[in-house]
Amino acid sequence: MDGDNDAIEARLQRIRILRLIKLRQRRRRRMWVRPVLAARDELGEFSHLVSQLRSDPAAHQQYLRLTPAEFDYLLGLVRDDIAKEVTNMRRPIPPDERLALTLRYLAAGGAMKTIAESYRIAPRTATGIIYEVCEAIYQRLAPLCLRSPTLNDWHASADDFLELWQLPNCIGALDGKHVALQKPAGTGSIYFNYKGFCSVVLMAVADARYRFTYISVGSQGSESDGGIFANSDLAALLRRHQEVGDVLPPPKALPNTDEELPHFLVGDEAFPLQRHLMRPYARASLVGSEADQRRIFNYRLSRARRCVENAFGILAQQWRIYRGSLGCTPEKAALLVKATCALHNLLRQRDVDADSVSRSYAAVPAERDAAPTLRGIGRMGANNHSRETARVRQALTAYVNGVGSVPWQRAAAGLDQ
């Protein structure tokens, strides 16, 4: 009996060994690198196109959105983060090719597989490279181009809004957008928003020169709009200033008056009216004896608020990944968005240094609507506000209709027709 059991056990052991051998044979690579990919150095897009574009800065900028000098500067920042060790097995993809692959994907949009094939890199390898480089771009550029504003930064922003858009004490324009995603697997409806598609939310503040001074990305599209803003670190920052008063600049007198008002952000009707967050008058209140003054206030506020809308328009115009739904996880989508926002600020700084506010990228409303991946947000909370908050808006309304008026505001507000 024991002999029979030993024979059965030996037979089972032989079967297990044979299965293991077959499994290992099945997993064994038929080739280390596919022949079509092995010709990357001779026929890949980086070798036969990108290298030649360096002699034509305008074409290089159109292809990668960066001039050769800007590309080299960015490469110097991220090289140590994206370079791989050379081994005896094979030579890794060099850092400049990794960066070019990533910038081309962000600039052209479409499927990562398409970009990978043109660069003759395996799709899975290219996907990993893009996410890795985007993380390095954000980590290196954020402290330089997207750092938390200081009091001096807020003061400089207020000066710019007064000079460029004739709105005193304004320190930034606030808005949010839904970034469209292909439905993430296994997430049910948690990313499905009220507009009818899956998304993560990008909330941003822009200065008077279309640069982002604050971004928050990653909130689920199904979250209530009021909850998104109330739970954001920006709302927490404003609440802290209400309690401590060390975040924003102190109140300042309006030009040519003795009326001191707090510094504030501007937003559209989606945001609640707060002491440090001004929004336009609702349509229902544009009646009666104060209707014209309120319409002019809404116009003057909208001039400043359009800075963030134009910033979103420029972002979508430069980086075409926003032209379609992002086919990745929400965490990876947030990484792509952060990298493009940091790159946006890098390029905007070039334009500011050239003393150009709008340049050729100032987006008109039609262009902003042409980016299907960026969709406006809805209401961001109830509009219940204190008397003090109403007094601040009323004082600002009186200012823009009095000593702070500009010659064209009545016609622009549609009152001289």
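Biologist: Hi! Which residues are linked in a network of salt bridges?
Modeller: Hello! In this predicted model, the network of salt bridges links E259, R275, E388 and R391.

Biologist: Nice. How far apart are the closest N and O atoms of R391 and E259?
Modeller: They are 3.2 Å apart, and the two residues form a salt bridge. This pair links distant parts of the chain, 132 residues apart. R391 sits in helix α16 (residues 387-400), while E259 is in the loop between β4 (252-253) and β5 (260-261).

Biologist: And is R391 buried, exposed or partly exposed?
Modeller: R391 is partly exposed, with a relative accessible area of 36%. E259 counts as partly exposed too, at 32% relative accessibility.

Biologist: How many salt bridges does a search of the whole structure find?
Modeller: The search finds 15. Another of these pairs is D160 with R209, where the closest N and O atoms are 3.4 Å apart. D160 lies in helix α10 and R209 in the loop between β2 (198-206) and β3, so this pair ties together parts that are 49 residues apart in sequence.

Biologist: Are D160 and R209 buried or exposed?
Modeller: Both D160 and R209 are buried.

Biologist: OK, what does R16 form a salt bridge with?
Modeller: Its partner is E9, and the closest N and O atoms are 3.3 Å apart. R16 is partly exposed, with a relative accessible area of 42%. E9 is partly exposed as well, with 45%.

Biologist: Switching topic: which residues form a nonpolar patch on the surface?
Modeller: I8, L12 and I15 do, and together they have about 240 Å² of accessible area. I8 is found in helix α1 (residues 2-27).

Biologist: Why does I8 count as exposed?
Modeller: Because its relative accessible area is 51%, and exposed means over 50%.

Biologist: Let's do pockets. What volume does the second largest pocket have?
Modeller: Its volume is about 360 Å³. The lining has 16 residues, and C145, R147, D207, R211 and T213 lie nearest the centre.

Biologist: What kinds of residues are in that lining?
Modeller: There are 7 nonpolar, 4 polar and 5 charged residues.

Biologist: Which elements each supply at least two residues of it?
Modeller: Those are α9 (123-145), α10 (151-165), β3 (212-220) and α14 (330-353). The largest share, 5 residues, comes from α10.

Terms used:
Residues numbered from 1 in each chain as written. Predicted model: local features only at pLDDT ≥ 70, side-chain atom pairs only at ≥ 80, totals over all residues. Heavy atoms only, no water. 1 Å grid on protein atoms, 1.4 Å probe; cavity = no way out; pocket = protein on both sides within 12 Å on 5 of 7 lines; lining within 4 Å. Points joined across faces, edges and corners; volume = space filled by probe spheres on them. Helix = DSSP H or I, 4+ residues; strand = E, 2+ residues; numbered from the N terminus. Nonpolar A, V, L, I, M, F, W, Y, C, P; charged D, E, K, R; others polar. Patch = residues over 30% accessible without salt bridge, like charges linked within 9 Å, V, L, I, M, F, W, Y side chains within 5 Å. Areas by Shrake-Rupley, 256 points an atom, 1.4 Å probe, with all protein chains shown as cover. Salt bridge = Lys/Arg side-chain N within 4 Å of Asp/Glu carboxyl O. Buried < 20%, exposed > 50% of the residue type's maximum accessible area, 1.4 Å probe, protein only.
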